[in-house]
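User: I am new to this structure and would like to learn how to read its pockets. Could you take me through them step by step?

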Amino acid sequence: MNYSRLAPFYQCIERCTMGSALQRARTGQLDRLAAMTQPQRVLIVGEGDGSFLLQFARLFPTAHITVVEPSAGMVARAQARLRRAGLASERIAFRQEPLLEAELPEAAYDLIVTLFFLDNFEDALMRASVAKLNACACDSAYWLLSDFCLPSRGWRRLRARFWLRVLYGFFGLSAGLSARVLPDFERAVQATEFCEVHRHGLCGSLLFSALYRMPARVMTV
Ligand SMILES: C[S@@+](CC[C@H](N)C(=O)[O-])C[C@H]1O[C@@H](n2cnc3c(N)ncnc32)[C@H](O)[C@@H]1O
C-alpha cells in the first residue's frame, strides 16, 4: 500500500466527495478531550496530509507528537502545511515507516490517534495494529478513533455499503489497498482495556467519531 501518488490530490478528492464531513469526524472530539486532559505524549498513526495534525498542534501547544506515516508524499505534505502555519517544531517528530515495523516505547503515550487508518487493513493486520497501539498506551491514556461504519440495517446500511464499495475500489486501484471490507475495529478496540467515553455518528451514520479512555490500572501487591 502506498498513498504517495494520491497525496497531492487527497484533500481535493475528500472535499469533492465528502465535503467537510471527514474533517468534522477527525476533530469532533477535540473540545471534549481538551476539557478532560492536556495530552503530553501523543502518537498519531497514518496521519496523512496533516489535516488533523495542524488543528491538533494548534489546540495542544505543549504536546509532544510522534507521527507514524509510511508515505513519503503524505509526510512531505504534512510537514509543508506545518511550516506554512508556523507550527513546525521539534515537538513534532515524523517516523516514516509502517506501524508494525516502528520501534515504539511501550506504556508511553497518553493519547493514541487513529483516523481513517484501521479501515485500511484486513482483519488480522487491523488486530495486530490495535494490539500494538494498546501496548504503547500508558495508564489512563485516551484513544481518538474516527472512521467509516456500517449501520446494522435500513437504507443507511445500503448507502454505506455503496460508499464502502466505491472507496475500497478506488483506494485499491490508486493506493494498492488489499482490504475489501470494513474490519470490525470498534470491537477490537473495545476488547482492549479502553472504554468508550463518547461516540457520535456523522453523515447519517456513515462516519463516527469516538473517544476512548483506559481506566487507571489498580496495582496489587
Ligand atoms: C485513508 S488514509 C487516512 C489519512 C488521514 N488519517 C485521514 O484522516 O484522512 C490512510 C493513511 O494511513 C497511512 N498508512 C498506511 N499503512 C500504514 C501503516 N502500516 N502504518 C502507518 N500508517 C499507514 C497511509 O499512508 C495514509 O496516509
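**Reading the pockets**

Analyst: Keeping in mind that this is a predicted model, we can begin with the lining of the largest pocket, which is made up of 50 residues, with Met1, Tyr3, Phe116, Asn120 and Leu177 lying nearest its centre. The volume of this largest pocket is about 1,000 Å³.

User: Which helices and strands supply at least two residues each to the lining of the largest pocket?

Analyst: A lining can be traced back to the elements that contribute to it. Here, at least two residues each come from helix 1 (10-18), helix 2 (21-27), strand 1 (41-45), helix 4 (51-59), helix 6 (123-136) and helix 7 (154-175); the largest share, 7 residues, belongs to helix 7.

User: How do the residues of that lining divide into nonpolar, polar and charged?

Analyst: The lining of the largest pocket contains 31 nonpolar, 10 polar and 9 charged residues.

User: What volume does the second largest pocket have, and which residues are closest to its centre?

Analyst: The second largest pocket has a volume of about 330 Å³, and among the 14 residues lining it, Cys149, Leu150, Leu164, Val181 and Leu182 are the closest to its centre. At least two lining residues each are supplied by helix 7 and helix 8 (185-190), with helix 7 giving the largest share, 4 residues. When the lining of this second largest pocket is sorted by class, 9 residues are nonpolar and 5 are charged, while no polar residues are found.

Conventions. Residues numbered from 1 in each chain as written. Predicted model: local features only at pLDDT ≥ 70, side-chain atom pairs only at ≥ 80, totals over all residues. Heavy atoms only, no water. 1 Å grid on protein atoms, 1.4 Å probe; cavity = no way out; pocket = protein on both sides within 12 Å on 5 of 7 lines; lining within 4 Å. Points joined across faces, edges and corners; volume = space filled by probe spheres on them. Nonpolar A, V, L, I, M, F, W, Y, C, P; charged D, E, K, R; others polar.
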